[in-house]
Amino acid sequence: MANNHAFTATYEILYFDRDGNPVEKDRRDIRSGYGITLDDACGRSWFERWNNKVVILESEKISMERYNELLGFDESKLKEITRHHNLGIE
C-alpha cells in the first residue's frame, strides 16, 4: 500500500565524539526538512551513522500533494543554483 502522506520535521542535531562524549557547540544546530517518512524528514540515518543524535522538536503529517510541492520547489532552486554556477555567477 502506498503512503498517502509525508512529513515535515524541525529537529536538532546533538553531536558526539567517537568516545560518545557530547561535543559542545557555540549554538544549537536546529534544522527543518521533509520526507516520505519521519526518519527521512530529519535525515536520521545520515546523522546518526556518525554517532550523532537526532531529536525531533516538531513534526507534522502533510499530504503527498504538499510533499510534491516542496520537492518541486527544491528542484527549481537547485536548477537555478546550477544555472548560476555554470554561468560563473556566485
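The side chain of N52 reaches the backbone oxygen of F47 at 3.3 Å. Such a polar contact is a pair of N or O atoms within 3.5 Å; within protein, one must be able to donate a hydrogen and the other to accept it, and residues adjacent in sequence count only if both atoms are side-chain atoms. The N52 side chain also reaches the backbone nitrogen of F16, at 3.4 Å.

This is a predicted model, in which local features need pLDDT of at least 70 and side-chain atom pairs count only at pLDDT 80 or more, while totals for chains, interfaces and linings use all residues. Residues are numbered from 1 along each chain as its sequence is written, and side-chain values use heavy atoms, with hydrogens and water left out.

N52 lies in the loop between helix 2 (44-48) and strand 3 (53-63). Helices (H or I, at least four residues) and strands (E, at least two) are DSSP runs, numbered from the N terminus. With a relative accessible area of 11%, N52 is buried. Buried means under 20% relative accessible area, exposed over 50%, and partly exposed in between (1.4 Å probe, protein chains only).

Not counting residues up to four places away in sequence, N52 touches I13, L14, Y15, F16 and F47; contact here means heavy atoms within 4.5 Å. From N52 to I13 the separation is 39 residues in sequence and 6.8 Å in space, C-alpha to C-alpha. Y15 has K25 over its face, at 4.2 Å from the ring centre. A charge sits over a ring if NZ of Lys or CZ of Arg is within 6 Å of the ring centre and within 35 degrees of the ring normal.

A search of the whole structure finds three aromatic pairs. Rings of Phe, Tyr and Trp (its six-membered ring) pair if their centres lie within 6.5 Å; planes under 30 degrees apart count as stacked, over 60 as edge-to-face and the rest as tilted. One of the pairs is Y11 and F47, with centres 6.3 Å apart and planes at 55°, so this pair is tilted. The pair links distant parts of the chain, Y11 in strand 1 (residues 5-14) and F47 in helix 2, 36 residues apart. Another pair is W46 and W50: the centres are 6.2 Å apart and the planes at 80°, so this pair is edge-to-face.

| Residue | Relative accessibility | Class |
|---|---|---|
| Y11 | 6% | buried |
| F47 | 10% | buried |
| W46 | 47% | partly exposed |
| W50 | 51% | exposed |
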